[in-house]
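Subject: Structure handover, cavity search

Hello,

Here is the structure for your files. My notes on the cavity search follow below it.

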Amino acid sequence: MTQTVSPPAVTTGRRAAGVVLAVVAGVALSVQSRINGELSVRLDDPIGAALISFGSGLVVLAVLVPLLPAGRSGLRRLRDGLHEQRIRPWQCIGGMCGGFLVATQGLTVPTLGVAVFIVALVAGQSSSSLMVDRAGAGPAGPQPLTVPRLAGAVLTVVAVLISVADRIGHPSALALAVLPLLAGIGIAWQQAVNGHVRVVSGSALVAGLVNFVMGTSVLVLAFAVSVLFRGFPAHLPHGPWWLYVGGSLGIVFIAVGAAVVRYTGVLLLGLGMIAGQVTGALLLDEVVPGDAGRPGWHTVVGTGLTLIAVGVAVLPRKLRYR
């Protein structure tokens, strides 16, 4: 039988600090989305770009974790935890969802723009987080289904519909929004199981390493299939250095999520990341617009509504469904 770790006693200050870190991680994800989208365009291979991004993060962690005493001890604790069934093997495959997320960045950001990508992503993320928390899949244990939490999830779905309203005349672009929506659904489960890896191993970096191993494995298989149909990319882009830092930003996103989810719960972690994602994405599309151009009023309104949804969902737990 799997042994569970009791959820920690969480102070208000610790929970608030976790949300602040989640906001920082959300900003990192919005920047990573733009970088991976640009790399995909220059490489003319979305799957290849995703593999470069995820693979570079894996290389960094594969070197760093064994060098650090905390990393080596964390790997031993994770091995022992698997042997003692304090964590199941299926709880170590959350990185597959991360691989899908990175692939969708390259496939959709050049067409949708970062802002629409992020709003679609967080619509799936917030809805899924609500269910994952209710089921108690994260290390924080079961979280109550309150009226504010439910209202926040519903508002984010409305937000994504508003944000893509100006693209109704472009069915292909609208259909692409389904991919980040599905990626968002996967993120919630990924954050929950990565949190368990973090608890058992005692190291956010070890949780990140496991995540990147699984995600890179999926992307290697996807790239192999892509090569069969398209062949290898002609050459790597010789563009600016920042094209190759997407993997490092992914480490920030994954490590922060794994570290704080046991204090915030999956939904609150996701909402903090949403606040960082939508704000960073809107600023990026406004200051450095991509091929999709600057965001229209639909996207601005959708982003604003998403932020309102975040505020609603973190209201005090006074009303609950029994």
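Which residues line the second largest cavity? In this predicted model, the lining of that cavity is made up of Gln190, Gln191, Asn194, Phe253, Ile254, Gly257, Ala258 and Met273. The space inside the second largest cavity comes to about 60 Å³. Two helices, H8 (178–201) and H10, each contribute at least two residues to its lining. H10 has the largest share, with five residues. Sorted by class, the lining of the second largest cavity holds four nonpolar and four polar residues, and no charged ones.

Now the overall count and the other cavity. Searching the whole structure gave two cavities of 30 Å³ or more. The largest cavity holds about 80 Å³ of space. Its lining consists of Leu29, Gln32, Phe54, Gly98, Leu101, Val102, Gln190, Phe212, Gly250, Phe253 and Ile254. Helix H1 (12–43), helix H4 (95–112) and helix H10 (246–287) are the elements that give two or more residues to this lining. Seven residues in the lining of the largest cavity are nonpolar and four are polar, while none is charged.

The two linings can be read against each other.

Regards

Technical notes:
Residues numbered from 1 in each chain as written. Predicted model: local features only at pLDDT ≥ 70, side-chain atom pairs only at ≥ 80, totals over all residues. Heavy atoms only, no water. 1 Å grid on protein atoms, 1.4 Å probe; cavity = no way out; pocket = protein on both sides within 12 Å on 5 of 7 lines; lining within 4 Å. Points joined across faces, edges and corners; volume = space filled by probe spheres on them. Helix = DSSP H or I, 4+ residues; strand = E, 2+ residues; numbered from the N terminus. Nonpolar A, V, L, I, M, F, W, Y, C, P; charged D, E, K, R; others polar.
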